[in-house]
Amino acid sequence: MKYVIGIDGGGTKTHMKIASLSGKIMVEVVKGPSNIEAAEVKEVQKVFKELIYEGIEKLGEPLSECRCICVGAAGIDREEDKTIIEGMIKNLGYKGKIIVVNDAEIALTGGTEKREGIIVISGTGSICYGRDESGKSVRAGGWGHIIGDEGSGYDIGIKAIKAALKSYDKRGEKTVLEEEVIKFLNLKCHESLIYFIYRSGISKKEIASLTRVVNSASLKGDNVSKKILKDAANELFLSVKAVVTALKLEEKEVFLTTTGGAITNINYLYNEFKENVNKAYPKIKVIPMKNDAAFGAVITARGVLDGI
């Protein structure tokens, strides 16, 4: 039986769906992160190998029956990066068609189920991606945690740590984050944050996990936490504004959808963001994801076979 594979590779997890050529999902597998900008190539290769081999074992069909594999990966825009991912898939013995795109592209395809629209991703990292009806696409943000990713879980987590230390030093506004951050990270004292942040091997995911602390504190009325989330919402809106302007979608009735752990799990962040968009662009409709990014990768793989 011939089939296609769609893979959503992120900084936190990698999600794969295997579908028949008609689009029916038959197998689903989730593994660890596969962002080549944040992990060793050999580690990402291992994730893809385990993911695909487990999937085809469940399916009961050889890899040679796969007609196309679409991988949507975080931070993938350079041809060099795409070549690296393609090489990983080929190393598994696969000789069929391989499509590698930015994960925002497959998230848009899965989330809106339309060619035209906008997707905002705010998970460990962040990015905004849009495409008009002619197929022209534009992205804003997604520059990585050191020089970008404003409005992401990592961004929120770093700001939570900074706010906690400013409160501790009495250099900034008093906030419950001062104690809650230390408690959540299971540290003995604020000075221990130095080792936590600067130690070798710290992951973005660890810092992004602090979004839970900020969310909880905001629900308790902590003003500093609310400001962190409000600022994050505004940063995400600025990315949308850049994409809307570039694609001239100001007066178009298009869908805008969102995904990622931060904006999905923090209602205050989502509501602030949605309000910003609604005020600026009344014709743009903010909707929940209709389907996930892995499904979008499946649609893209099928579209390649159909010549779309």
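What share of the contacts in the chain with a separation of 6 or more comes from residues 24 or more positions apart? The share is 66%, where contact means heavy atoms within 4.5 Å.

This is a predicted model, in which local features need pLDDT of at least 70, side-chain atom pairs count only at pLDDT 80 or more, and totals for chains, interfaces and linings use all residues. Residues are numbered from 1 along each chain as its sequence is written, and side-chain values use heavy atoms, with hydrogens and water left out.

View 1. Twelve helices and ten strands make up the secondary structure of the chain (DSSP runs numbered from the N terminus: helices are H or I of at least four residues, strands E of at least two). Domain 1 covers 3–109 + 291–306 and domain 2 covers 153–228, with bounds from an automatic or database domain assignment. Their centres, taken over C-alpha atoms, are 34 Å apart. Of the 308 residues, 50% are buried (under 20% relative accessible area, 1.4 Å probe, protein chains only).

**View 2. Helix α3.** Helix α3 spans residues 103–112 and is largely enclosed by the rest of the structure, because nine of its ten residues are buried. Among them are D103, I106, L108 and T112.

**View 3. The two ends of α3.** At the start of the helix, a side-chain oxygen of N102 lies within 2.9 Å of the backbone nitrogen of A104. A104 is itself one of the buried residues of α3. Just after the helix, E113 has a positive phi of about 55°.

Definitions and conventions: A polar contact is a pair of N or O atoms within 3.5 Å; within protein, one must be able to donate a hydrogen and the other to accept it, and residues adjacent in sequence count only if both atoms are side-chain atoms.
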